[in-house]
Amino acid sequence: MHISAKADYATRALLELASDPGRPLSCEAIASSQEIPFRFLKSVVGELRRAGLVRSQRGCEGGYWLGRPADEIALLDVVRAVDGELITLRGQPLTGLDYPGPAVGLPGVWRRVESDAAAVLGALTLSALLPAGAREQPSAIGAA
């Protein structure tokens with residue numbers, strides 16, 4: 001299984017935002033804090049914004065915030081926002097995959113791997129990944 005740099009960087013950026021949801025962060029601040037290449041992060045944050053996982057505001061008071069509370073953003077949401085399909089085979093989704101003869105059972109294995117991975121990633125929220133002292137207060141999301 002392959003975890004893309006986009007998925008890793010997107011999750012790290014969202015965790016940075018979740019650690020202090022009351023104030024916006026610039027891409028520069030996130031990139032610096034997480035040691036992520038700025039230009040790459042800028043495009044990843046654009047995908048997160050289009051998926052509704054972050055919101056942005058321009059100007060000197062601007063930056064990025066979480067698009068919804070950290071306890072409502074699962075890792076599965078993040079991966080799908082930046083990578084699309086969770087698991088592909090040679091770039092194609094696993095739906096409709098069919099093999100002949102002795103390999104007939106293999107597509108079911110690949111779909112089971114995808115299902116199990118989705119269950120793990122769907123059960124983990126950003127909030128659950130934050131260190132105990134950095135967990136957001138529920139009222140902080142709407143305060144900005």
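Predicted model: local features only at pLDDT ≥ 70, side-chain atom pairs only at ≥ 80, totals over all residues.
Trainee: At what angle do helix α4 and helix α5 pack?
Mentor: Helix α4 covers residues 75-83, and helix α5 covers residues 106-123. Their axes lie 5 Å apart. The packing angle is about 115 degrees.

Trainee: Is α4 roughly parallel or roughly perpendicular to α5?
Mentor: Angles of 65 to 115 degrees count as roughly perpendicular. The angle here is about 115 degrees. That makes α4, relative to α5, roughly perpendicular.

Trainee: Which residues of α5 make the contact with α4?
Mentor: The α4 side supplies L75, L76, V79 and R80. Across from them, α5 supplies A118, L121 and G122.

Trainee: How many residues of the contact of α4 with α5 are nonpolar?
Mentor: The contact has 1 charged residue and 1 polar residue. The nonpolar ones number 5.

Trainee: At roughly what angle do the axes of α1 and α2 cross?
Mentor: Helix α2 spans residues 27-34. The axes of α1 and α2 come within 10 Å. They cross at roughly 110 degrees.

Trainee: Which residues of α2 make the contact with α1?
Mentor: From α1 come R12, A13, E16 and L17. The contact residues divide into 3 nonpolar, 2 polar and 2 charged. From α2 come I30, S33 and Q34.

Trainee: How many salt bridges does a search of the whole structure find?
Mentor: One of them joins the side chains of D77 and R68, at 2.9 Å from N to O. D77 is partly exposed at 28% relative accessibility, and R68 is partly exposed at 25%. The search of the whole structure gives 5.

Trainee: How many residues apart in sequence are the parts that E47 and K6 tie together?
Mentor: The side chains of E47 and K6 form a salt bridge at 3.0 Å, N to O. E47 sits in helix α3, residues 38-50, and K6 in helix α1, residues 5-19. So the pair links parts whose separation in residues is 41.

Trainee: Does E47 count as buried or exposed?
Mentor: Buried means under 20% relative accessible area. K6, its partner in the salt bridge, has 24% and counts as partly exposed. E47 has 18%, so it counts as buried.

Trainee: In which helix do D8 and R12 lie?
Mentor: Their side chains meet in a salt bridge at 3.1 Å, N to O. D8 is partly exposed at 34%, and R12 is partly exposed at 22%. The two are 4 residues apart, about one turn, and both lie in helix α1.

Trainee: Is the pair of Y9 and F40 stacked or edge-to-face?
Mentor: The search finds 1 aromatic pair. Planes over 60 degrees apart count as edge-to-face. The ring centres of Y9 and F40 are 5.2 Å apart and the planes stand at 75 degrees, so the pair is edge-to-face.

Trainee: Which helix holds F40?
Mentor: Y9 lies in helix α1. The pair ties together parts that are 31 residues apart in sequence, because F40 lies in helix α3.

Trainee: What is the relative accessible area of F40?
Mentor: Y9 counts as buried at 15% relative accessibility. F40 is partly exposed, with a value of 29%.

Methods. Residues numbered from 1 in each chain as written. Heavy atoms only, no water. Axes fitted to C-alpha atoms, helices over the stretch in contact; angles between N-to-C directions. Parallel < 35°, antiparallel > 145°, perpendicular 65-115°, else oblique. Contact = heavy atoms within 4.5 Å. Nonpolar A, V, L, I, M, F, W, Y, C, P; charged D, E, K, R; others polar. Salt bridge = Lys/Arg side-chain N within 4 Å of Asp/Glu carboxyl O. Buried < 20%, exposed > 50% of the residue type's maximum accessible area, 1.4 Å probe, protein only. Phe/Tyr/Trp six-rings, centres within 6.5 Å; stacked < 30°, edge-to-face > 60°.
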